[in-house]
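Here are some notes to read alongside the model. They go through it point by point, in plain terms.

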Amino acid sequence: MTKRRALLSVSDKAGITEFAAELVALGFELISTGGTKKAISDAGIAVKDISDITGFPEIMDGRVKTLHPMVHGGLLSVRGNDVHTKAMTDNGIEYIDMVVVNLYPFKETISKPGVRYDEAIENIDIGGPSMLRSAAKNHESVTVITDPNDYAIVLAELKANGDTTFATRQRLALKVYQTTAAYDALIAQYFANEIGDQFPEKLTLTYEKQQGLRYGENPHQEAAFYRTPLAQNNSLAHATQIHGKELSYNNIQDANAAINIMLEFQEPVVVAVKHMNPCGVGLGATLLEAWNRAYEADPTSIFGGIIATNQTVDAATAEKMSEIFLEIIIAPSFTEEAKAILMAKKNIRLLENNPQEERMAEKVTTTAVNGGLLVQTLDRAVIDPESFTVVTDRQPTAEEMEALLFAWKIVKHVKSNAIVVAKEGQTLGVGAGQMNRVGAAQIALDQAGEAAKGNVLASDAFFPMPDTLENAAKAGIKAVIQPGGSIKDQESIDVANQYGIAMVFTGVRHFKH
């Protein structure tokens, strides 16, 4: 019987010498390349150099070593096919029964700060994916391994059955194509980022499974959570959970929304979110002051909410937070005293933002539709008060303008139609996701109640009718910020002037569907 042959060429050498030794004990002849061959030889294991098989030396700094018919013929030949067998015999090619390959560390290379372009290019693997794809295509006969975690199951089957099962070879082939597809997608994304191609003819995206979820938005839906291959600062997907049970699908959606609102602010902020909409946002000179304002904004809705802050959670704030039920608290860090206080509550989840530098950060967002995908740039319009236009007779006071800017930062994160009533550093009422703007305004004004008097209102889009302004005036609103652009703007301006309301047009709309 012809001796079985295995070709090993790995960048991740974890467990490779132990695996190689087991293969030899099972009667395999080993072939290897470069550093992998050295590691196996240094362990005292018999191994042939790839050049002994191809009859051709490695050239061009190792760029060309396995791209050879002696390799790919041995992998791709269909066992039992007379034409293939004759070609093997005529050309002196021998079968290769197993391939163990993992790829050059392209992801790790481009993750390094200040990586050079030529360094990234040199870490694009060519021979590795070629061997993997050849072996995976011929998985009827060839076992292909690209993940060291699969060494154990392959050895167990070889020892038990003398060969791997077809089911295992098929599963390993699937993993190969998933791995090479993700590898190429990351390379494509890197090139697209380098040349600024945001909307390519062929969109290739890749994500890595973070965790399976118990269920999706509802218990009858299945779900999983995936993250981008490269770590991003202030990303939920790359945050570290330090306490509590696994996040749910809805937790992840809400927490992401909370982080996005938090990123609008440099000063200490606390954001409370329910169902992806803010129920309370507070600023303060201290975290405790910010927490108190966020809580007081809506003491009812914050129960069971998701909290995000840009400050280290201290003991004083943790004590206040622990007085109510919260699902999640996300912060850069927690003091040891704060941890002790909050971890006493077993059902709360505590997450710390990933501190790694942001590189290749996402610049677009995607939304799935039946049979397609919508892609758009993120809503990161710069807030520039110098570009605003005051369209009313009365100018907003300095205090009102601060409150308007605060409300404008919040309303862009509220589902349309969206209205936010606020004062400086605190939301007072949020009207979200209504089918008409006047209805959203009424919800926000009713929630604010008497607190609306003398304060401000923000709208994510223009007022199609002056009715919203009329209701705002009756509630005592003194200043309004909105994009403008309606054919009936003048009617709204006239109402604002009638009631002495200062109104600012930003020229920027913030629909959120």
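1. Is Asp 460 buried or exposed? This is a predicted model, and in it Asp 460 has a relative accessibility of 0%. The cut-off for buried is under 20%, so Asp 460 counts as buried.

2. Asp 460 has a charged partner. Its side chain meets that of Arg 437 in a salt bridge, with 2.5 Å from N to O. The pair links distant parts of the chain, 23 residues apart. Asp 460 sits in the loop between strand S19 (456-459) and helix H17 (467-475), while Arg 437 belongs to helix H16 (residues 437-448). Arg 437 is buried too, because its relative accessible area is 6%.

3. How many salt bridges does a search of the whole structure find? The count is 19. Side chains of opposite charge can pair when their charged atoms come close. One of these bridges joins Asp 147 and Lys 175, whose closest N and O atoms are 3.1 Å apart. Asp 147 is in the loop between strand S5 (143-145) and helix H9 (151-161), and Lys 175 is in helix H10 (residues 166-195), so this bridge ties together parts that are 28 residues apart in sequence. Lys 175 has a relative accessible area of 21% and is therefore partly exposed.

4. A network of salt bridges links Asp 147, Asp 150, Arg 171 and Lys 175.

5. Another salt bridge connects Glu 450 with Lys 453, and here the closest N and O atoms are 2.9 Å apart. Glu 450 counts as exposed because its relative accessibility is 61%.

6. Now the sheet that contains S5. Five strands form an open sheet with parallel pairing, in the order S3-S2-S1-S4-S5. Strand S3 (48-49) and S5 are the edge strands, and each pairs on one side only. Strand S4 (residues 98-101) pairs with S5 in the parallel sense over three bridges. Within this pairing, Val 99 stands opposite Val 144 of S5.

7. Which residue in the turn between S14 and S15 has a positive phi? It is Gly 371, with a phi of about 80°. The two strands form a hairpin with two residues between them. Strand S14 (residues 364-369) and strand S15 (residues 372-377) pair in the antiparallel sense over six bridges. Val 369 has Gly 372 in S15 as its bridge partner.

8. A second hairpin is made by S17 and S18. Strand S17 (residues 419-423) and S18 are antiparallel and pair over five bridges. Ala 422 stands opposite Thr 427 in S18. The hairpin has two residues between the strands, and Gly 425 takes a positive phi near 80°. Strand S18 (residues 426-431) is mostly covered, with six of its six residues buried.

9. Some backbone angles deserve a check. Most residues other than glycine have a negative phi, and most peptide bonds are trans. His 275 is not a glycine, but its phi is positive, near 50°. Met 276, also not a glycine, has a positive phi of about 70°. His 275 lies in the loop between strand S9 (269-274) and strand S10 (277-283), and Met 276 is in the loop between S9 and S10 as well. His 275 counts as exposed because its relative accessibility is 68%, whereas Met 276 is partly exposed at 30% relative accessible area.

10. Which two residues does a cis peptide bond join? They are Ser 416 and Asn 417, and omega is about -10°. Asn 417 is in the loop between H15 and S17.

11. Two surface patches remain. Glu 267, Glu 399, Glu 402 and Glu 424 gather in a patch of negative charge on the surface. Of these, Glu 402 lies in helix H15 (residues 398-411) and is partly exposed, because its relative accessibility is 42%. The other patch is nonpolar and is formed by Leu 203, Leu 205, Tyr 207, Tyr 226 and Leu 373, with about 450 Å² of accessible area together. Leu 205 is in the loop between H10 and strand S6 (208-213). At a relative accessible area of 38%, Leu 205 is partly exposed.

Conventions
Residues are numbered from 1 along each chain as its sequence is written. Side-chain values use heavy atoms; hydrogens and water are left out. Patches are made of residues with over 30% relative accessible area and no salt bridge: like charges are joined within 9 Å, nonpolar side chains (Val, Leu, Ile, Met, Phe, Trp, Tyr) within 5 Å. Accessible areas come from the Shrake-Rupley method with a 1.4 Å probe; for residues, only the protein chains shown count as cover. A salt bridge is a side-chain nitrogen of Lys or Arg within 4 Å of a carboxyl oxygen of Asp or Glu. Lys and Arg count as positive and Asp and Glu as negative; His and the chain ends are not counted. The place of a charge is taken as NZ of Lys, CZ of Arg, CG of Asp or CD of Glu. Helices (H or I, at least four residues) and strands (E, at least two) are DSSP runs, numbered from the N terminus. Buried means under 20% relative accessible area, exposed over 50%, partly exposed in between (1.4 Å probe, protein chains only). Two strands pair if DSSP finds at least two bridges between them.
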